[in-house]
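Welcome! Please take a look at the structure below, and then we will go through a few of its features together.

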Amino acid sequence: MPSRNLSRRTSDADINTHPLSLDDLPPPETKRWVIRRKAQVVAGVRNGVISLDDACKRYKLSLEEFLSWQRLIDNHGLRGLRTTHLQKYRIDTEHKGTPKH
């Protein structure tokens with residue numbers, strides 16, 4: 001029997017290219033932000049399904065938090081949204097701008 005999660009798995013391309021509607025976005029009362037839900041919100045804003053301002057209000061996100069999700073997707077793909085890797089990606093990004101002696 002196939003795993004229930006298989007149908008929910010999405011690739012980077014799926015998140016960025018599939019047309020979305022408001023019904024495809026996470027519910028407004030979402031508290032647990034897994035990779036898929038973060039990516040859906042970013043894709044919704046990018047695809048014009050919801051404005052950035054409305055997304056931040058709907059999900060009670062700061063602009064900085066949303067932009068960090070977007071930046072992590074751009075720089076690292078969906079795996080960048082994993083909270084366990086967040087510290088590593090932040091450190092890597094900080095060191096890229098630091099001159100080596």
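This predicted model holds two salt bridges. One of them joins Arg46 to Asp74, and the other brings together the side chains of Asp53 and Lys57.

**Salt bridges**

- In the bridge between Arg46 and Asp74, the closest N and O atoms are 2.4 Å apart.
- Arg46 belongs to helix H2 and Asp74 to helix H4, so this bridge ties together parts that are 28 residues apart in sequence.
- Arg46 has a relative accessible area of 35%, so it counts as partly exposed.
- The side chains of Asp53 and Lys57 meet at 3.1 Å, N to O.
- Asp53 and Lys57 both sit in helix H3; because they are four residues apart, about one helical turn separates them.
- In general, an α-helix has 3.6 residues a turn, so residues three or four places apart point the same way.
- Asp53 is partly exposed, with a relative accessible area of 45%, whereas Lys57 is exposed at 57%.

- Trp33 lies in the loop between helix H1 (12-17) and helix H2 (35-46), while Tyr59 is in helix H3 (residues 52-59), and the two are 26 residues apart.
- Trp33 also pairs with Trp69, in a tilted arrangement with 5.0 Å from centre to centre and 50° between the planes.
- Trp69 is in helix H4 (residues 63-76) and Trp33 in the loop between H1 and H2, so the pair ties together parts that are 36 residues apart in sequence.
- Are these residues buried or exposed? Both Trp33 and Tyr59 are buried, and Trp69, at 5% relative accessibility, counts as buried too.
- For Trp33 the relative accessibility is 18%; buried means under 20%, so Trp33 counts as buried.
- Trp33, Tyr59 and Trp69 form one aromatic cluster.

**Helix H2**

- At 1.5 Å a residue, the twelve residues of H2 should span 16 Å, and the end C-alpha atoms are 16 Å apart, which agrees.
- Which residues of H2 are buried? They are Lys38, Ala39, Gln40, Val41, Val42, Ala43, Gly44 and Val45.
- After H2 comes Gly48, which has a positive phi, near 80°.

Conventions: Residues numbered from 1 in each chain as written. Predicted model: local features only at pLDDT ≥ 70, side-chain atom pairs only at ≥ 80, totals over all residues. Heavy atoms only, no water. Buried < 20%, exposed > 50% of the residue type's maximum accessible area, 1.4 Å probe, protein only. Phe/Tyr/Trp six-rings, centres within 6.5 Å; stacked < 30°, edge-to-face > 60°. Expected span 1.5 Å × (residues − 1). Salt bridge = Lys/Arg side-chain N within 4 Å of Asp/Glu carboxyl O.
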